[in-house]
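Thanks, everyone. Let me walk you through one model this morning.

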Amino acid sequence: MPDYQTLTLDLGARSYPIFIGEDLLSSAEHTLRPWLGKGKVVLVSNTTVAPLYLARWQACLERWGVAHHHVILPDGEQYKDAQHLDQIYSALLAAHCDRKTTLLALGGGVIGDMTGFAAACYMRGIAFIQIPTTLLAQVDSSVGGKTGINHPLGKNMIGAFYQPRAVLAEIGSLRTLPARELAAGLAEVIKYGLIDDVPFFDWLEQHMPALLARDGAALAEAVAWSCRNKARIVAADETESGVRALLNLGHTFGHAIEAGLGYGQWLHGEAVAAGMVMAATASHLAGWLSAPELQRIRRLIEAAGLPAEAPPLGAERYLQLMQVDKKNEGGRIRFVMLRGIGQAFLTDALPTAALNAVLR
């Protein structure tokens with residue numbers, strides 16, 4: 001029996017596997033090699049992850065006789081921009097890479113998003129594989145095909161929907177994460193329970209100590225549960241024209257926090273956590289969410305070691321930043337709100353009084 005789980009994101013001819021296991025390198029003949037194609041491989045990583053894991057995957061490619069190159073980018077959300085994206089293109093061109101080349105994204109969400117966008121654009125599309133090394137990337141950004149870069153005026157506003165060939169979520173890599181990065185990933189895990197999965201929210205309340213202690217079985221279960229939820233939603237709405245927008249719970253406020261403070265000051269998951277509390281508070285003030293449920297949400301976020309209070313950017317600045325959001329239509333801000341735990345919905349009719357109270 002394999003020592004990993006396999007899920008499938010069902011997109012017809014573009015379906016792909018999500019492998020979840022403690023040590024996927026030991027199963028690479030089954031989890032990586034079939035998806036490489038026949039051309040060169042270019043690994044894209046960053047200055048934090050590369051010293052830990054790059055040599056292991058390079059040795060694997062060498063055993064198979066696969067020609068490979070690598071690109072090492074600086075680590076941080078502040079480097080998720082056009083200038084550093086261009087470093088990937090330059091490396092591909094310098095190595096004379098053709099349409100049979102496969103990119104491997106070895107790192108967190110920034111590396112995955114940038115590598116996927118480079119793959120979507122280089123020669124109008126080449127293959128790429130996600131090897132996410134952070135919890136946030138394993139449960140969210142590596143699955144679903146959202147790729148892109150930031151702009152000073154808005155987060156992830158430049159990009160493409162472009163699906164990977166496969167996702168390899170190695171649980172063992174989570175043990176090298178700083179505690180702050182692990183907590184940031186838990187924000188996206190909690191999000192799935194809040195959107196439409198009450199049993200998962202209940203499970204998280206019971207197992208948060210085990211997750212923070214990096215228990216392998218608990219982490220694997222959380223990653224698998226999260227990926228099943230995301231795969232189901234993406235299969236129903238790949239390009240975010242409907243239900244997939246619910247995955248942005250907390251993100252309208254969270255992206256404003258990231259942009260307002262300067263990318264990299266707060267981790268993405270930290271901003272989303274505070275944003276989810278803002279969304280839940282606004283939902284309560286609008287009469288949609290009960291006070292006991294609001295308190296449950298705050299308690300779980302705080303138990304994960306995440307911020308439940310947003311930085312005081314000022315109501316005017318928050319509104320200015322939230323005007324630049326992919327969900328907005330016709331100049332109106334659309335929010336993901338809650339009618340209860342597990343009952344998220346999208347609206348552009350959040351009462352002004354409730355919004356202003358939260359922003360103040």
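I will take the salt bridges, then a pocket, then a surface patch, then the backbone and a few distances.

One caution before the details. This is a predicted model. Local features are taken only where pLDDT is at least 70, and side-chain atom pairs only at pLDDT 80 or more.

Salt bridges, then. Why do they form? Side chains of opposite charge can pair when their charged atoms come close. How many salt bridges does a search of the whole structure find? The search finds 20. I will show some of them.

Start with R56 and E170. Their closest N and O atoms are 3.5 Å apart, and they form a salt bridge. What parts does the pair tie together? R56 sits in helix α2, residues 50–63, and E170 sits in strand β9, residues 167–170, so the bridge ties together parts that are 114 residues apart in sequence. Now the surroundings of each partner. Is E170 buried or exposed? E170 counts as buried, because its relative accessibility is 8% and the cut-off for buried is under 20%. R56 is partly exposed, at 28%.

Next, E29 and R33. Their side chains meet in a salt bridge, 3.3 Å from N to O. E29 is partly exposed, with 44% relative accessibility. R33 is partly exposed too, at 36%.

Then E221 and R228. The closest N and O atoms of this salt bridge are 4.0 Å apart. That distance still counts, because the cut-off is within 4 Å. E221 has a relative accessible area of 29%, which makes it partly exposed. R228 is partly exposed at 37%.

One more item on charge. Which residues are linked in a network of salt bridges? D140, E188, K191 and K230 are. Find those four on your screen and view them together.

On to the pocket. The idea behind the search is simple. Rolling a probe the size of a water molecule over the atoms shows where empty space is left. I will describe the second largest pocket. Its volume is about 180 Å³. The lining of this pocket has 14 residues. Which of them lie nearest the centre? M278, A308, E309, A310 and V358 do.

Where does the lining come from? Helices α10, residues 268–285, and α13, residues 352–359, each supply at least two residues. The largest share comes from α10, with three residues.

M157, I158 and V324 make a nonpolar surface patch of about 210 Å². M157 lies in strand β8, residues 154–161. M157 is partly exposed, at 35% relative accessibility.

Stay on β8 for a backbone point. Most residues other than glycine have a negative phi. N156, which is in strand β8, has a positive phi, near 60 degrees. R214 also has a positive phi, about 65 degrees, and is not a glycine. Where is R214? R214 is in the loop between α7, residues 198–212, and α8, residues 216–236. Is R214 buried or exposed? R214 counts as buried, at 18% relative accessibility. The limit is under 20%, so R214 falls on the buried side.

First pair: L338 and H284. They are 54 residues apart along the chain, and their C-alpha atoms are separated by 8.3 Å. L338 is in strand β10, residues 335–338. L338 is buried, with a relative accessible area of 0%.

A59 is partly exposed, at 31%.

P209 belongs to helix α7. Is P209 buried or exposed? P209 counts as exposed, because its relative accessibility is 56% and the cut-off for exposed is over 50%.

To close, go back to two places on the screen. Thank you.

Terms used
Residues numbered from 1 in each chain as written. Heavy atoms only, no water. Buried < 20%, exposed > 50% of the residue type's maximum accessible area, 1.4 Å probe, protein only. Helix = DSSP H or I, 4+ residues; strand = E, 2+ residues; numbered from the N terminus. 1 Å grid on protein atoms, 1.4 Å probe; cavity = no way out; pocket = protein on both sides within 12 Å on 5 of 7 lines; lining within 4 Å. Points joined across faces, edges and corners; volume = space filled by probe spheres on them. Patch = residues over 30% accessible without salt bridge, like charges linked within 9 Å, V, L, I, M, F, W, Y side chains within 5 Å. Areas by Shrake-Rupley, 256 points an atom, 1.4 Å probe, with all protein chains shown as cover.
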